Amino acid sequence: MNTEYNAGIIGVGSYVPEKVITNKDIEKMVETSEEWIVTRTGIHQRCIANGDIYASDLATQAALNALNDAGKKPEEIDMIIVATITPDMFTPSVACLVQHAIGAKNAIAFDINAACSGFIYGINIANQFIKTGNCKNILVIGAETLSKITDWQDRNTCILFGDGAGAVIVSTVETPYGILSTHVGSDGSLGNVLTAPLLKVTEEEQAKRRVDNARTIWMDGSEVFKFAVKIMEQATRTVVEDIGLTVQDIDVIIPHQANIRIVDGAAKRLKFNKENIFTNLKKYGNMSAASIPVAVDEAVKSGMLKKDDVVVMVGFGGGLTWGSTVMKWKN
Ligand code: UT7
C-alpha cells in the first residue's frame, strides 16, 4: 500500500528559566565589557537554569505548552525526540524523563545529539515517521542547560550561551501546508573547532585549551563564524531550490540564534531582507538545540510568522552539523 502523508507543525511551546545573567553581570566574572558583547554578538542577557534545574525540567514545560497549543493529550503522542547536548544524565534519556513527566505512555522516546542543528535533525526524523504513516503525533523538543558545561572563566565562550527549551508537535496536515523539504548535513572532519568532552582529556589537550576543567565547551570562534555564515546561506538555498522555489519566495527565516553578525552576514549573502528574519538572541544568547524552537514559538506569538507563510528554519553547530527545513505554515 502506498501511504504517504503530509507532515507539519500543529503546536508550538517554549520555556526558559527565570534567572537572568546580564552582560553587566559577566563583566564581573571575566575581562570583557557590555559594549564588546553587544557589538560583537548582539546578546544582551541570557537565562540560566539554577543548580537543581535540568534539561528535562525545561523540556517538560515546553512540551506541555506545545501540547496545549496543539490541543493534543499526552496519550496521543507516539514518539518523543529530544535534541540536546546537555542531558540530565547518560540514561534515562531526557525524552524518557519527559515521557514520564507528562504521562505520554504510548510514546517511544529517545534523545539525539546534533548540537545546535539538533532540532532540525529532529524535524527531519519526525517528517519521515509521519510521512510513512508509522506515527501520527510526534513531540520534537530542543532543550539545553549549556550553563552547566560553560567555563565561566573563558570570555571567548561564557558570553554566548544560555538555557531554555522549545517544543513542537508534528502531525499529519492537509496539503499545501506542512514540511515541504528538509536538508541535513554533517562534516566530522571539522569537529575539533567546537568541543565539549565527556571524558577527561590529556594534559596536553588541557594546556592547549587553557582551561582547568576540560569538560566545558571550547570553541575556535572565528572558524565557527566563517563556517556558519557560508552554511546558513547554502542550507537555505538548498532546501528552497529542492522544491523549485527561490530565496525571494521565502516570507520568514528563523535561523539558529548564535550571533547577530552571523545572521546579518547570511542575510547579505542571500540578499534577503533582514526585517523578515526573526531573532531573539538579544534576550537569550545561544541556546543550541533550543534556539530555533524557542524562536519559532516567539515568532508565532509576535505575529511575525502567520498562516500561509513560507518559512525556512536553518541552523548549524558542533559536529560540525547543519540543517534546514522549509514549511508552509499552518497553525
Ligand atoms: O552555535 C554554534 C556555536 N558558536 C557560534 O556560533 C559562535 C561563532 N563565533 C562567534 O560568534 C564569534 O567568533 C565570537 C563572538 C565568539 C568572537 O567574535 P570575533 O569577532 O570572532 O572575535 P575574535 O575571536 O576574533 O577575537 C577578537 C578579539 C581578540 O583579542 P585580540 O587577539 O584581537 O587582542 C579576543 O581575545 O577580541 C577578544 N575577545 C574579547 N574581548 C572582550 C574575545 N572575547 C572577548 C570578550 N570580551 N568576551
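1. How to read the model. The model is predicted, so local features need pLDDT of at least 70 and side-chain atom pairs count only at pLDDT 80 or more, while totals for chains, interfaces and linings use all residues. Residues are numbered from 1 along each chain as its sequence is written, and side-chain values use heavy atoms, with hydrogens and water left out. Helices (H or I, at least four residues) and strands (E, at least two) are DSSP runs, numbered from the N terminus.

2. The open sheet. An open sheet of 4 strands has the order S8-S13-S12-S11, with mixed pairing; two strands pair if DSSP finds at least two bridges between them. At the edges stand S8 and strand S11 (252-255), each of which pairs on one side only, and the twist averages 10 degrees from one strand to the next. S8 runs antiparallel to strand S13 (residues 321-328), to which 8 bridges join it, and in this arrangement His-183 stands opposite Ser-324 in S13. H5 packs on the sheet, where it touches S8, S12 and S13, and its direction makes about 125 degrees with that of S8. Contact here means heavy atoms within 4.5 Å, and such angles run from 0 to 180 degrees between N-to-C directions, with axes being lines fitted to C-alpha atoms, for helices over the stretch in contact.

3. Strand S6 and its neighbours. Strands of a sheet pair through backbone hydrogen bonds, either parallel or antiparallel. Met-79 has Ile-138 in S6 as its bridge partner, and Glu-144 has Gly-164 in S7. Strand S6 (residues 137-145) is mostly covered, with 9 of its 9 residues buried, where buried means under 20% relative accessible area, exposed over 50% and partly exposed in between (1.4 Å probe, protein chains only). In a regular strand the side chains alternate between the two faces of the sheet. In S6, Asn-137, Leu-139, Ile-141, Ala-143 and Thr-145 point one way, while Ile-138, Val-140, Gly-142 and Glu-144 point the other way.

4. The nonpolar cores. A nonpolar core is a set of buried Ala, Val, Leu, Ile, Met, Phe, Trp, Tyr and Cys residues joined through side-chain atoms within 4.5 Å. Of the 44 residues in the largest core, Ile-26, Ile-250, Ile-253, Ile-262, Phe-272, Val-312 and Phe-316 touch the most other members. Helix H7 (221-241), helix H8 (260-270), S12 and S13 each supply at least two residues of this core, and H7 gives the most to it, with 9 residues. Apart from this core lies another, of 33 residues, among them Ile-112, Ala-126, Val-311 and Met-327.

5. Helices H3 and H4. Two packed helices are described by the angle between their axes and the distance between the axes. Helix H3 (residues 55-70) and H4 pack at an angle of about 55 degrees, with their axes 9 Å apart. That makes H3 oblique to H4, since angles under 35 degrees count as roughly parallel, over 145 as roughly antiparallel, 65 to 115 as roughly perpendicular and the rest as oblique. The contact involves residues including Ala-59, Ala-63 and Leu-67 of H3 and Val-94, Leu-97 and Val-98 of H4.

6. Helix H10. This helix is largely enclosed by the rest of the structure, because 9 of the 11 residues of H10 are buried; among them are Ile-292, Pro-293, Val-294 and Asp-297. Just after H10, Gly-303 takes a positive phi of about 90 degrees.

7. Most residues other than glycine have a negative phi, and most peptide bonds are trans. Ala-115 is not a glycine, yet it has a positive phi of about 50 degrees, and at 10% relative accessibility Ala-115 counts as buried. Asp-308, again not a glycine, has a positive phi of about 80 degrees, but Asp-308 is partly exposed, with a relative accessible area of 37%.
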